[in-house]
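Welcome, and please bring the model up in your viewer.

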Amino acid sequence: MQSIMQDTVQKAGNAINTTMSSNQKVADMQRDVIEPSSKDVLTSDFGTKQPVGAHDVWLHASTGDRQGPALLEDNFGREKIMKFDHERIPERVVHARGAGAFGNFKLYESAADVTSAGVLTDTSRNTPVFLRFSTVLGSRGSADTVRDVRGFAVKFYTEEGNWDIVGNDIPVFFIQDAIKFPDVIHAGKPEPDSEIPQAQSAHNNFWDFQYLHSEATHMFMWAMSDRGIPRSYRMMQGFGVNTYTLTNAEGVRSFVKFHFTPTLGVHSLVWDEALKICGQDPDFHRKDLNSAIENGVYPVWKFGIQVCPESKQDDFDFDILDATKLWPEELLPIRYIGELELNKNPDEYFTQVEQAAFCTAHIVPGIGFSDDPLLQGRNFSYFDTQVSRLGVNWQELPVNRPVCPVMNNHRDGAMRYTIKKGKTNYYPNRHDIVPTAKSSEGAYYEYPEKVVSIKQRLHSVKFSEHFSQAQTFWNSMSPHEQSHIINALGFEMDHCDDPIVYERMIERLTDISLELAQAVAEKAGAPTPTKAGRPNHGKKMKGLSMTEFTPEALGLPLTIATRMIAIIVGDRFNFVEYEAVKGALSAAGAMVFTIGPKRQPVKSSGGKSVSPDHHFEGMRSTLFDSLYIPGGDHVSSLMKQGRVIHWIREAFGHCKAIGATGEAVKLVKMAVGEVDGMTFGDTDVIDSYGVVTASRVGGPDSVVEGVKMVKGA
Ligand code: HDE
C-alpha cells in the first residue's frame, strides 16, 4: 500500500492542478449563472422594473399620515411572498444534510485491461466531477458532527454521459436487500410518536432493529468506530460499497468495487469533541470543506478499483454480491489508478448542492451493474426519489445535466425547459430522428449475462453468515480504537431505556467478542455475559484500522495545511514570539486564528497591538486542531482566567498538540498538570509528547521541553 500511494502521488504530480476554465462542467454551468450588481435595478420575474419602495413597503390604500388596508393588487408584493412560500423542496428522505464541491478526476493508469470506459482508460482526460458529502439520519438543519455514516456521492461528467458513484465513508452496508431499506431507515430516524431523537442512532428503535436484523452487525461496528465521527470530509475514505461490473473492449466482464482514499489520511474527532461541536458549530464540516477550497488547499483522493475476475467469483467464503461484506485486500488488492481533486466551491448552495441528484443507475459504457440485490433496488429508488424531490425533469437542472449531448424523444413533464425543434417526437419516423448508435459507435453495451433461475424470495447461502467480518473488524482495531468502540456502544446503550433492547444488544455483542460484550454490559446496565455467543476466529484484515491511514502510514508527506490553530493572547503578550510562530505556521499552510479576551485590539508588551479574530468566549478549543500560547506578561492574567485554563485543559484532553513559549510554559504546566498529575521537563521522548514548550526562545540556549500526552482520551 505504502509504495502504491507514494508512487501514485508522484505520478499524478501537478497533472490534476487544472485551472477552473479547463473544467467543462464549470464552464457549462456558466450558462445559467448571473451575478447581481449595484448597477442592476429591481425587476419582477416577468421583467418589469418595480417601483420605488417595492423592496420594503406593500401597496396600501394610504392617506399619507397613516396606511390603510394592504391591497391585493400589489402584484410585485404578491410575487415576492408567493415565491418565498414555495422556496423549499422536500429534503432528501435520507442524507438530507450535506455539502458539496466541484473538481476534476484525472486518470494516471489506464484500466483498459478490464474496462472500455473512457473515463477509466484515457489518461489524457480531465473529467469534471461534483462530490456531495452528507450525514444519513439527520434532517437538513441538523449538525455535521453527529455519530453517523457519511455519504460520499460522486458525479463524473464524462464524455460519454454522467457516471454516479453514490457511496459512503464505510465500505459495507446494514442490509443485503433493498427491500429492507425503509425498515433500517425508519428504525434510525426519529421515533414516530415523538419525532425524537434528531440525527442520532442512540435510541431504542435503532438498536432494536440492529439486534433483530443480524446482517447489520458488521456495519454497526464500523459506525460505532471512529469512522462514525470524522474530523473532516476531506479526511474520509469513500467506497462505492455495492459490487459493480466492468467490461473491456473484448466483452470480458469482471466484478469491481470502487475506493477513494484521501491523501490527507483518515482522521476522526474524539467523541467529546464531536458532541460539543454539534452545538458550538453545527456547520463544522461544511465550513472546513469550503474554507480549504477557498484557501486553495484542494482535497485529493486516490481512486482505486478492486477487481474480481468472473472466474473467481465463487472462490470466497462470502458472496461477492453481498454488500454487508467487504473484499479483503489480501485476496483482491486495490489498484490505484486515478486521482480526484475538489477545487471549486459552489456559487449557490440551493441550485448546485440541494438540487444535485444522484442515481446509481447512471453508468457509462464499460461499467455495469451486478446482481447485488441492494444495488438492483437502488437503481430503481434513486430516479424515483428525484421525481418527488425535483420533478421528472430533474436531469435537466444545471448541476445534473451531462456535458455530452443528450438527445431522445422524452418530452414534457413539469418544469421541462429544454426546447426541442422539429415535427416528430416518436420513433421510427420519416426523418429517422433519433436513430440508435451501435456499440462500435459508443453505445452502451449490455453484457449478455445468462440467467437461469426460479422466481423466489431468496439469497445465496453465503448471505446467511453475518458475524465473521464483524469479528475481523473488531480484531483489527488498535487498543485505543477498541476502547472508543466500547465507549460509543456504551453511550448508545445508555440512551436506550428499554431493557429488552440493551440486553439483547449485549447478547449480540457476544457474537463478536465476549470482552467487548462484557465491557459494554457494564455501561449499559445489563447483566454481564459469561459465555461467547460464538467463538471469535481471531483473524485480522488489512485496511480496517484507521491507524493504517495516517499520512505517515500511507507514505505521504505530513502537512499542517488547513489545520486550524488558535493562538491565545492577552494584554502584554510577547509580540516577537507571537509573530514568529504565527508566520511559520501560516507559511506551512495552517489556518491561524488569534484568540483574545476581546475582539478590540490587544496590546503586546512592546506596544504593538493585534486585533483578535475571536474572543475567549466566542470560540472553544474543540473547533481547533492545536493551540499555541506565546510568552509575555499576559501570562499572569491568563492564569487567573478559568476560560483560558479550560481552553488548554480541553485541548489537552482531546489529544491536541499544544505549544507554549517563554512564560506561557508555566501556564500550560499549571493547566494540564493539575488535571493529569503529569511530570514535566522529561525531554527523553519528545516525539511522543503532545505538548511542546520552549521556556527560553530565540537564543543559542533555547530549551525545548515536553509534557507527556494521554493517548486515547
Ligand atoms: Fe441511498 N438513497 N439507498 N445508499 N444514498 C438516497 O436518494 C437507497 C444506500 C447514499 O448526496 C436517496 O437522492 C436505497 C447505500 C448517498 O444526494 C434514496 C438503498 C449507499 C445518498 C436512497 C440505499 C447509499 C443516498 C435519498 C438500499 C452507500 C445521498 C435522496 C437499497 C453505497 C446522495 C436521494 C446525495 C440517497 C435510496 C442504500 C448512499 C431514497 C433504496 C448502500 C450517499 O433514493
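## A walk from the record to one helix

Start by selecting residues 43–435: an unreviewed UniProt entry places the feature "domain: Catalase core" there. Keep in mind as you look that this is a predicted model. With that stretch still highlighted, colour by secondary structure: the chain here is 21% helix and 21% strand. If you mark the end C-alpha atoms of residues 43–435, you will find them 44 Å apart.

Next, colour the chain by domain. Domain 1 takes in 2–14 + 89–396, domain 2 covers 478–543, and domain 3 runs over 560–708. Now keep domain 1 and domain 2 in view; their C-alpha centres lie 27 Å apart. Where these two touch, domain 1 gives 18 residues to the contact and domain 2 gives 21.

Which elements give two or more residues to the side of domain 1 that touches domain 2? Select helix 5 and helix 6, for these are the ones. Helix 5 supplies the largest share of that side, with 5 residues. Colour the side of domain 1 that touches domain 2 by residue class and you get 7 nonpolar, 6 polar and 5 charged residues.

For the last stop, zoom in on helix 5, residues 204–212. Show the side chains of Phe-206, Trp-207, Phe-209, Gln-210 and Tyr-211, which are the buried residues of this helix.

How values were computed: Residues are numbered from 1 along each chain as its sequence is written. This is a predicted model: local features need pLDDT of at least 70, side-chain atom pairs count only at pLDDT 80 or more; totals for chains, interfaces and linings use all residues. A residue is buried if 20 or more other C-beta atoms lie within 10 Å of its own, exposed if 12 or fewer, and partly exposed in between; C-beta atoms are placed from the backbone. Helices (H or I, at least four residues) and strands (E, at least two) are DSSP runs, numbered from the N terminus. UniProt positions are given in the numbering used here, feature names are shortened, and annotations may be inferred rather than shown by experiment. Domain bounds come from an automatic or database domain assignment. Two residues are in contact if their C-beta atoms, placed from the backbone, lie within 7 Å. Ala, Val, Leu, Ile, Met, Phe, Trp, Tyr, Cys and Pro count as nonpolar, Asp, Glu, Lys and Arg as charged, and the others, Gly among them, as polar.
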